[in-house]
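Please read these points with the structure open beside you. They go from the whole chain down to single contacts.

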Amino acid sequence: MKVVFFLRGFENLGAEYISAILKKNGHELSIVFSEDFFDDGIFDNFYLKNCFNMNAKQNAERILNDSPEIVLFSSMTDTIRKDLAVAFWVKRMNNNINILFGGIHPTLLPERVLNYSFVDFVCVGEGEKSVSKLIYSLSKGIPINIKGIWYKQNGKIINTGVSDIVENLDEIPFADKGIFSEIVPEFMHYYRIITGRGCPYNCAFCAHFSLRKLYGKYGLRRRSPKNVIAELKLAKKKFNPKAVIFEDDLFLYDEEWLIKFLQEYREKISLPFQCTAYPSCLSENILNMLKNSGCRFIEIGVQTLNEKVRKKILNRKETNHEIFTSLKLLKNSGIKFNIFHITDIPGVLRDDEKKALELYLWAKPSAIHYVRLTYYPNTGMRYLIDEKEYVNICDGRLKSYEIIGDENIDIYNLFGLICILPKKIIRFLLGKKLIRLNSNYIFKIFPSTLCFLTGRASYSMRIYPLYYLRLVKKLFLK
Ligand code: SF4
């Protein structure tokens with residue numbers, strides 16, 4: 001059966017896994033990729049994005065050029081509206097093509113997505129097994145009754161529950177990097193991989209919170225070290241990457257697994273890498289092991305220094321003392337690190353944000369990534385917003401990430417400048433009118449570019465300039 005995957009924005013590991021299993025089962029698959037320049041949450045610009053990207057109808061035409069029998073979409077809340085618009089045009093131009101939506105947003109709101117007349121199926125939960133079964137059934141003309149694949153019959157939505165979780169991740173074939181390596185070879189400079197799925201924590205703002213509600217039993221599942229190493233050995237041969245990015249939402253967990261894995265990694269892969277950590281999971285021993293195995297960047301979420309709010313609203317139990325200890329360990333380890341911070345959390349005061357600024361000035365991370373608190377569907381933050389706003393979110397109408405008119409905008413702008421200006425200047429600028437400008441370019445893009453040019457940007461951030469270089473090349477070649 002001819003399958004076309006429509007993807008946008010960035011490398012999508014979920015899609016690579018689905019592709020691997022479909023190809024293994026003998027299906028023909030191609031991808032249509034929309035780069036979404038200037039619409040990526042970093043270099044956002046309304047005019048430039050309309051200039052350099054195709055619209056929904058043009059993307060639908062590209063899909064139809066591949067003559068699909070079924071089109072797959074993998075959507076998040078941020079992209080669902082754009083993806084639905086493409087699906088609308090596909091169906092309008094050829095009513096015989098099946099449309100399937102998967103990804104976190106359709107998983108959490110299947111009825112809402114299926115209510116669109118042009119959507120035929122929604123995959124609820126992990127898709128490797130269920131999507132593969134669906135395509136098999138469609139190709140053989142067998143009636144569809146697959147756990148996790150919702151559909152419509154005589155206008156009625158048929159709920160088939162949630163797909164089974166893949167307990168043994170070693171069973172799944174390696175992610176099919178081929179779908180991206182041909183069209184965006186830049187992605188392969190830094191090899192993205194996951195060693196596990198799920199998370200033992202339950203932060204109220206995170207998709208894992210919603211998935212835990214959906215699945216009930218939902219913890220961290222890990223691939224065996226042997227399986228991960230086998231994929232990386234292959235990756236080294238095929239793509240010769242400069243570094244590895246462990247995309248796990250939480251990599252530094254389970255010391256026993258880490259010890260086994262890092263030892264093999266050091267001996268057989270020995271590429272520099274980047275990974276993620278949680279404040280209460282760091283120790284001197286782990287950091288030493290990481291450093292000796294090639295770890296060059298760690299990403300860690302602090303989110304807020306208001307301990308009460310962090311516990312009550314974000315459902316994060318670590319203390320400020322643990323956060324301070326983790327940052328101290330990181331600072332002393334010599335491994336570069338980035339901090340994640342959430343703004344606009346109800347109950348967080350200007351004094352809390354000032355304290356955070358002082359802590360970050362002391363810790364000297366390579367970068368601070370700050371984002372406005374976003375209320376995604378079915379997370380633990382539903383009670384904080386009214387019905388109207390919730391409906392907007394469920395329809396993919398999220399508030400802008402820009403922090404406009406915020407009383408703490410000077411502090412957040414200084415977060416952006418910490419990596420390039422001395423402490424004294426940062427303290428001097430606090431509260432000054434000049435620093436209250438609302439400019440992503442001055443306070444986010446300019447410092448990030450400097451970090452990139454001086455080799456201080458994390459591996460995940462280094463991909464962006466390469467990506468935009470594509471645009472320059474495209475224009476030039478035109
Ligand atoms: S630790 Fe990270 S991945 Fe895990 S629930 Fe919290 S925010 Fe989500």
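1. Basis. This is a predicted model: local features need pLDDT of at least 70, side-chain atom pairs count only at pLDDT 80 or more, and totals for chains, interfaces and linings use all residues. Residue numbers start from 1 along each chain as its sequence is written.

2. Domains. The protein chain splits into domain 1 (2–158) and domain 2 (184–472). These bounds come from an automatic or database domain assignment. Taken over C-alpha atoms, the two domain centres are 28 Å apart.

3. Domain contact. Here 17 residues of domain 1 are in contact with 19 residues of domain 2. Two residues are in contact if their C-beta atoms, placed from the backbone, lie within 7 Å. On the domain 1 side, helix H4 (80–93) and helix H5 (104–108) are the elements that give two or more residues. That side divides into 10 nonpolar, 2 polar and 5 charged residues. For these classes, Ala, Val, Leu, Ile, Met, Phe, Trp, Tyr, Cys and Pro count as nonpolar, Asp, Glu, Lys and Arg as charged, and the others, Gly among them, as polar.

4. Ligand. Which residues surround the ligand? They are Cys199, Tyr201, Asn202, Cys203, Cys206, His208, Asp249, Leu250 and Tyr278. Each has a C-beta atom, placed from the backbone, within 6 Å of the ligand. By class, the shell holds 6 nonpolar, 2 polar and 1 charged residues.

5. Two packed helices are described by the angle between their axes and the distance between the axes. Helices (H or I, at least four residues) are DSSP runs, numbered from the N terminus. Axes are lines fitted to C-alpha atoms over the stretch in contact, and angles run from 0 to 180 degrees between N-to-C directions. Helix H10 (residues 225–239) and helix H11 (residues 255–268) cross at roughly 25 degrees, and their axes come within 9 Å. H10 is therefore roughly parallel to H11 (an angle under 35 degrees). The crossing is right-handed: the near helix is turned clockwise from the far one by less than a right angle. H10 gives Pro225, Val228, Ile229 and Lys233 to the contact, and H11 gives Lys260, Phe261, Glu264, Tyr265 and Lys268. These are 5 nonpolar, no polar and 4 charged residues.

6. H11 and H12. H11 also packs with helix H12 (residues 284–293), at an angle of about 20 degrees and with axes 9 Å apart. So H11 is roughly parallel to H12. Their crossing is left-handed, with the near helix turned anticlockwise. From H11 come Glu255, Leu258, Ile259, Leu262, Tyr265 and Arg266; from H12 come Ile286, Met289, Leu290, Asn292 and Ser293. The contact has 7 nonpolar, 2 polar and 2 charged residues.

7. H15 and H17. At what angle do helix H15 (residues 350–363) and helix H17 (residues 409–417) pack? The angle is about 15 degrees, with the axes 10 Å apart. That makes H15 roughly parallel to H17. H15 passes H17 in a left-handed crossing. Glu353, Lys354, Leu357 and Tyr360 of H15 meet Ile411, Leu414 and Phe415 of H17. This contact has 5 nonpolar, no polar and 2 charged residues.

Key
Parallel < 35°, antiparallel > 145°, perpendicular 65-115°, else oblique.
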